[in-house]
Amino acid sequence: MGIEGIFHANICVSDMESSLKFYRDILGFQVLHDFVIENEALNRALGVEKARVRGVLIRLGDDEKATLLDLVQWLSPGPAGPPYRQLNNLGICRIALKARDIESVYQDLQAQGVEFMIPPQSVKIEGTPGETKFCCFNDPDRTILELIEGL
C-alpha cells in the first residue's frame with residue numbers, strides 16, 4: 001500500500017508555553033522545530049478559510065525515526081470545544097507513552113504535580129506474555145495521556 005508508519009500525532013493546545021513546560025520540562029520531550037504557518041496552501045490543506053497556527057514538533061529520545069507529537073496552537077481561528085472528558089469518546093481518545101519502570105515515572109510525575117486518574121494498574125491482556133501496567137493522566141488542556149509498561 002505504501003504507508004510506512006506514523007510520522008506524528010497532533011495535539012491541539014490552548015497555551016503553547018504552558019504545554020511546552022509540561023511536555024518538555026516535565027515529560028522530557030525535546031523540541032525539534034517551532035514554527036508559525038499562515039498561508040493559502042495551509043488553508044486549503046486544512047479546509048479552513050483562513051488559518052494561522054503555531055506548531056511545535058517534539059520527540060522523546062534521539063531516534064530520528066521515532067513518532068513525533070505536533071503541539072498545535074490555533075492562533076486564528078482560535079481553538080474550539082473542550083477536550084474529551086472520558087476515554088470512550090469517538091476519535092483519538094488518548095496517546096500512550098512507553099515506560100520502562102511505570103511506578104518510578106508515576107512517582108516522579110506525581111511529585112511534579114501531575115494528577116493521575118488512578119495509580120498504575122496491572123492487567124493481563126489476552127495473547128501477550130505477562131501483565132501490562134498502565135495509568136492515565138492529563139496534560140494542561142486535559143488531553144488524556146497514558147503511561148504503559150510491559151506490552
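**Close-up 1. E146, a buried residue in strand β8.** With a relative accessible area of 5%, E146 is buried (buried means under 20% relative accessible area, exposed over 50%, and partly exposed in between, with a 1.4 Å probe and protein chains only). E146 sits in strand β8, residues 144-149 (strands are DSSP runs of E with at least two residues, helices are runs of H or I with at least four, and both are numbered from the N terminus). This is a predicted model, in which local features need pLDDT of at least 70 and side-chain atom pairs count only at pLDDT 80 or more, while totals for chains, interfaces and linings use all residues. Residues are numbered from 1 along each chain as its sequence is written, and side-chain values use heavy atoms, with hydrogens and water left out. Apart from neighbours within four places in sequence, E146 is in contact with R94, I95, A96, L97, F134, C135, C136 and F137 (contact means heavy atoms within 4.5 Å).

**Close-up 2. The salt bridge between R94 and E146.** The closest N and O atoms of this salt bridge are 2.5 Å apart (a salt bridge is a side-chain nitrogen of Lys or Arg within 4 Å of a carboxyl oxygen of Asp or Glu). R94 lies in the loop between β4 (68-76) and β5 (95-98) and E146 in strand β8, so the pair ties together parts that are 52 residues apart in sequence. R94 is partly exposed, at 36% relative accessibility, whereas E146 counts as buried at 5%.

**Close-up 3. The salt bridges D34–R54 and E38–R52.** Six salt bridges are found in a search of the whole structure. In one of them, the side chains of D34 and R54 meet at 2.7 Å, N to O. D34 belongs to strand β2 (residues 30-37) and R54 to strand β3 (residues 52-59), 20 residues apart. D34 is partly exposed, with a relative accessible area of 39%, while R54 is buried at 16%. E17, D34 and R54 are linked in a network of salt bridges. The side chains of E38 and R52 also meet in a salt bridge, at 3.6 Å, N to O. E38 is in the loop between β2 and α2 (40-46), and R52 is in strand β3, 14 residues apart. Both residues are partly exposed, E38 with a relative accessible area of 46% and R52 with 34%.

**Close-up 4. The largest nonpolar core.** This core has 24 residues, and those with the most contacts inside it are Y23, L27, L71, F116, F137 and L147 (a nonpolar core is a set of buried Ala, Val, Leu, Ile, Met, Phe, Trp, Tyr and Cys residues joined through side-chain atoms within 4.5 Å). Two or more residues each come from α1 (16-26), β3, β4, β5, α3 (102-111), β7 (132-138) and β8. The largest share, four residues, is that of α1. Not counting residues up to four places away in sequence, L27 touches F22, L60, L97, L109, F137 and L145.

Close-up 5. The whole structure holds five aromatic pairs (rings of Phe, Tyr and Trp, the last by its six-membered ring, pair if their centres lie within 6.5 Å; planes under 30 degrees apart count as stacked, over 60 as edge-to-face and the rest as tilted). Y23 and F29 form an edge-to-face pair, 5.8 Å centre to centre with 70 degrees between the planes, and both residues are buried. F116 and F137 form a tilted pair, 5.0 Å centre to centre with 45 degrees between the planes. F116 is in the loop between α3 and β6 (121-123), and F137 is in strand β7, 21 residues apart. F116 and F137 are buried. One aromatic cluster is formed by F22, Y23, F29, Y106, F116 and F137.
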